[in-house]
Amino acid sequence: MAPPNFEYDFKDLAGNFHGKSSFNSGLYINGEFVEGVDKTTVEIVNPATGKPLSNIPAATDKDVDIAVKAAREAFETRWGTKVPPTERARLLFKLADLIEANADELAALESLNNGKAFAIARAVDLQGAIDTFRYYAGWADKVHGKTIEVNDTKFAYTRHEPIGVVGQITPWNFPLWMLSWKLAPALATGNTIVFKPSEWTPLTAIRVASLIEEVGFPRGVVNILTGIGNTAGAAISAHMGIDKVAFTGSTLVGRHILKSAANSNLKKVTLELGGKSPAIIWDDAELDTAVSWAAFGIGFNHGQTCCAGSRVFVHEKIYDTFLEKFTKKLKEIKVGDPFQPDTFQGPQVSETQYNRIMNHISIGKKEGATVHLGGERHGTEGFFIQPTIFTDVKPEMTIVKEEIFGPVVVLARFNNEEELIRLANDSVYGLAAAVFTRDVSRAIGITNRLKAGTVWVNCYNLLDVNVPFGGYKQSGIGRECGEYALANYTEVKAVHINLTGQPPI
Ligand code: NAD
């Protein structure tokens, strides 16, 4: 039987037509689209309406096994060190070009499946993915070892070799962009891949599988398996034939992955996990600019951003003015139909995520925090939530400690640097932070004391493909992006050359 096809006519919530999409939605294994051994499926939903979109194949451990064998064979015979690095670069550049040529369709699929605004998906997610493939294409033939002069009787050199078969598992918040962060450095360095997107948002990954086929990557180099976390995902992290797993998602699942790697073949693991990042507003900050960036810090992607500025600490001298301006700014956010050009905030990604956020809001109220703004559902259908500000919070409250992953921010005041640093670093996470001040010495001094993988000064949520990203503490292990990510996908081999020919005994 032919594998399933996904077909869709894009319409906004008012029924206006925005183009169409049609592609093969089977599991992409060894260069073919297949239904999967057990032909199991998972339903995907449009979060703007709450209505089902389609049924997508859900890979099982049997499909993972077939994909790992294909990836191993491809690694040994058609990829890795078997092809010139310039060829890997050529294919990656071509993939970037094809994604760019199909960017409107891919942005529409992202918007449809994830709920993010189409205009933002096109400008941020798609451009981010295109840039990432181009950036790592440029690296493919520039990954070198070193020559090390030891002494007159010996010299040594290192080789940076691909690791082998890599398993990659991604979340639903930036489906295509996260796919590019995974696929591009792994392919540039010569690894083969078994990739699993989130079961909630698989559409863009499946569409990219067709583009990978069109580019002409050798079969088996990239295998894309849609499926559920605790079946397909668990099978990837436990598989004895996978040499490394790269995971982005929650800290809870990150722990499972690490245990599973330890209990199987001790595969190498990199983790990009959750956060509860502080945005710090000093009393000398350019206030309107700080308000705007702080609103972007929590509002971007509906708060479903791992580095969201979900704890805002404001110097007590300007707290009241900041709160007034910040409230006005969040009230101005256009929440609604992702296909309207002026929409900034669409629905949360799923009913489960909607319920988790609403549950956190009700816990916040029960524990005595004040809902200063929002706190309710937006509209009557789909999974929309009002931008929400909590005040009167205490450090021990659940909403201050836990990642909410929605448009919910807690605001607290501070009086001096020592208190601020204590509050800001009081988290199991350490993904990101921001400091708003006009004083460069203060900015650098505070930045040095923050336990975070990224610190923004007078801005928020700005990411660049050539700048590393990753977390301190329970926000992760390793760094993605930039030159740093190449180390995630290479083994270093040290070679010692004896120049004397003399045996030791
Ligand atoms: P999640 O951990 O629930 O799922 C992530 C992926 O893991 C999905 O593909 C899922 O199917 C899979 N998975 C689930 N259970 C699994 C298991 N037992 N074994 C193997 N795989 C399994 O996370 P999510 O809800 O999709 O994403 C939100 C989380 O991701 C947030 O915590 C967010 O902070 C984090 N995130 C981090 C970064 C970063 O770069 N640090 C980026 C984006 C998202």
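This note concerns the ligand site of a predicted model.

1. Basis. Local features require pLDDT of at least 70 and side-chain atom pairs pLDDT 80 or more, while totals for chains, interfaces and linings use all residues. Residues are numbered from 1 along each chain as its sequence is written, and side-chain values use heavy atoms, with hydrogens and water left out.

2. Position. The ligand sits in the largest pocket. A pocket is an open set of points on a 1 Å grid over the protein atoms alone, where a 1.4 Å probe fits, with protein on both sides within 12 Å along at least five of seven lines; a molecule sits in it if more than half of its atoms lie within 2 Å of its grid points. Because domain 1 (28–273 + 475–492) and domain 2 (278–457) both contribute shell residues, the ligand lies between them; the bounds come from an automatic or database domain assignment.

3. Shell. Around the ligand there are 26 residues, of which T170, W172, E199, S250 and E403 come nearest (near: a heavy atom within 4 Å). By class, 13 are nonpolar, 9 polar and 4 charged, with Gly counted as polar. Among DSSP elements (helices H or I, at least four residues; strands E, at least two), α7 (229–238), β12 (244–248) and α8 (251–263) each supply at least two shell residues; α7 gives the largest share, 3 residues.

4. Polar contacts (N or O pairs within 3.5 Å). Ligand oxygen atoms lie 2.6 Å from a side-chain N or O atom of S250, 2.8 Å from a polar side-chain atom of K196 and 3.3 Å from a backbone N or O atom of G249. The protein covers 91% of the 850 Å² of accessible area that the ligand has on its own (Shrake-Rupley method, 1.4 Å probe).

Key:
A polar contact is a pair of N or O atoms within 3.5 Å; within protein, one must be able to donate a hydrogen and the other to accept it, and residues adjacent in sequence count only if both atoms are side-chain atoms. On a 1 Å grid over the protein atoms alone, a cavity is a set of points where a 1.4 Å probe fits but cannot get out, and a pocket is an open set with protein on both sides within 12 Å along at least five of seven lines; lining residues have an atom within 4 Å of a point.
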